[in-house]
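Reader: I would like to learn how to read a ligand site from its coordinates, step by step. Could we look at one example together?

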Amino acid sequence: MDITLVKGDITAQAVDAVVNAANSSLMGGGGVDGAIHRRGGPDILRACRELRAGRYGRGLPTGLAVATTAGLLPARWVIHTVGPVHSAAEDRSHLLASCYRESLRVADELEAATVAFPAVSTGIYGWPMDDAARIAVAAVRAAERSVTSVTEVRFVLFDSAAYEVFAARLG
Ligand code: AR6
């Protein structure tokens with residue numbers, strides 16, 4: 001499995017699966033979530049509503065992941081995951097690691113080969129970039145042994161500062 005880095009917009013990635021930094025409601029929001037729903041069109045929200053009417057009636061728990069159509073995005077699926085809000089009082093890093101692990105498990109179930117991740121929890125949810133990069137890289141490397149179909153994990157960083165932090169972590 002290759003781990004690659006791109007500076008840019010996650011909604012422009014031509015991959016099998018794009019990961020969304022969603023919230024439990026699955027009803028959209030700002031940041032990556034807003035961009036994905038804007039560019040992907042109403043089919044994604046429709047699919048999220050069906051999940052809320054069915055299996056995820058109480059919302060998608062933090063650290064888990066679920067797939068929908070990617071609508072008009074140049075991808076086949078959106079995998080929605082809910083990152084933890086950063087807390088100085090409590091160590092929630094296992095939940096952030098779980099977002100990467102669970103998203104890759106869902107991607108593998110779909111037989112996706114290429115998966116693009118944003119830096120989950122580093123925007124509105126306030127996670128410091130360097131710590132988030134450390135957790136993300138470790139979680140993806142740890143998942144490497146259990147995935148069979150995924151051949152590329154692409155971290156898509158929105159700005160140069162985030163890109164440099166991930167590049168340093170990847171070595
Ligand atoms: N492509 C790639 N990265 C992006 C993009 C983009 N188009 N837009 C923002 N980023 P965030 P979170 C970066 O806030 O912290 C939503 O309201 C951004 O600079 O999208 O997990 C949800 O509904 C940051 O580094 O996600 C939730 O309520 C990173 O992506 C909440 O925000 C993640 O920022 C989730 O917050």
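Reader: Where does the ligand sit?

Author: Rolling a probe the size of a water molecule over the atoms shows where empty space is left. In this structure, which is a predicted model, the ligand sits in the largest pocket, and that pocket has a volume of about 580 Å³.

Reader: Which residues lie nearest the centre of the largest pocket, and how many residues line it?

Author: The lining of the largest pocket comprises 27 residues, and those nearest its centre are Ala-21, Gly-31, Val-32, Ala-119 and Gly-123. Two or more lining residues come from each of strand 2, helix 1 and strand 6 (152-157), with helix 1 giving the most, namely four residues. By class, the lining of the largest pocket holds 15 nonpolar, nine polar and three charged residues.

Reader: Which backbone atoms lie 2.8 Å from an oxygen atom of the ligand?

Author: For polar contacts, one looks for pairs of N or O atoms within 3.5 Å. A backbone N or O atom of Val-32 lies 2.8 Å from a ligand oxygen, and a polar backbone atom of Gly-123 is 2.8 Å from an oxygen atom of the ligand. On the nitrogen side, a nitrogen atom of the ligand has a backbone N or O atom of Ile-10 at 2.9 Å.

Reader: How much of the ligand does the protein bury?

Author: The comparison starts from the ligand taken alone, which exposes 710 Å², and the protein buries 89% of that area.

Definitions and conventions:
Residues numbered from 1 in each chain as written. Predicted model: local features only at pLDDT ≥ 70, side-chain atom pairs only at ≥ 80, totals over all residues. Heavy atoms only, no water. Polar contact = N/O pair within 3.5 Å; in protein donor to acceptor, adjacent residues only side chain to side chain. Areas by Shrake-Rupley, 256 points an atom, 1.4 Å probe, with all protein chains shown as cover. 1 Å grid on protein atoms, 1.4 Å probe; cavity = no way out; pocket = protein on both sides within 12 Å on 5 of 7 lines; lining within 4 Å. Sits in = over half its atoms within 2 Å of the grid points. Points joined across faces, edges and corners; volume = space filled by probe spheres on them. Nonpolar A, V, L, I, M, F, W, Y, C, P; charged D, E, K, R; others polar.
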